[in-house]
Amino acid sequence: MKTYSQFIEEAQKRIAFVRLHHGSDEDSVKSIKRTGPRPSAKGSEGPGHYVTPDKKKAEKYAEFTSKQRKKKPAVVSYRVPKNRVTTTDTIPKGVTSQQKTSKDKPVVRNVRTGHVAMDPDYANKKMIRKAEPIIRRKR
């Protein structure tokens, strides 16, 4: 049985991380897990692999994109230390190709828009590779 101090120490380690999610179709998620994510060329936070801390939002996006592609929805998740997430509150002026992520700032979260861009190489290292259940919603 763990002591109280051991329990608190373990809890602090777990709290120091955030889970981020990317929704897509099943084939794309398999490809991401196999070869790593491909960054978008442009986005509100510049080029990057776009994720969300809200798993339900990722699931809804996965349903939307997979329906368009006539495939099954899936979500890939990442476990990232909170101290690696940089926040910004600038309002983007449309999409940009200006890089905002870097080795020092691998994850950039805009608190005004909710958009989260992740450096693809960093994302590949922080990916949770174990199989997660595929979303199945009853209508």
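A salt bridge (a side-chain nitrogen of Lys or Arg within 4 Å of a carboxyl oxygen of Asp or Glu) joins Asp121 to Lys103, with 3.8 Å between the closest N and O atoms. Asp121 belongs to helix H4 (residues 120-126) and Lys103 to the loop between S4 and S5, 18 residues apart; helices (H or I, at least four residues) and strands (E, at least two) are DSSP runs, numbered from the N terminus. The model is predicted: local features need pLDDT of at least 70 and side-chain atom pairs pLDDT 80 or more, whereas totals for chains, interfaces and linings use all residues. Residues are numbered from 1 along each chain as its sequence is written, and side-chain values use heavy atoms, with hydrogens and water left out.

Accessibility was classed by relative accessible area (buried under 20%, exposed over 50%, partly exposed in between; 1.4 Å probe, protein chains only). Asp121 is partly exposed at 48%, whereas Lys103 is exposed at 60%.

By the stated rule, the count is five salt bridges. Another of them pairs Lys100 with Glu45, the closest N and O atoms lying 3.5 Å apart. Lys100 lies in the loop between strand S4 (85-88) and strand S5 (107-110) and Glu45 in the loop between H2 and S2, so this pair ties together parts 55 residues apart in sequence. Lys100 is partly exposed at 25%, but Glu45 is buried at 0%.

A salt bridge also connects the side chains of Lys71 and Asp27 (3.3 Å, N to O). Here Lys71, in the loop between H3 and strand S3 (73-81), is linked to Asp27 in helix H2, 44 residues apart. Lys71 is partly exposed at 38%, as is Asp27 at 41%.
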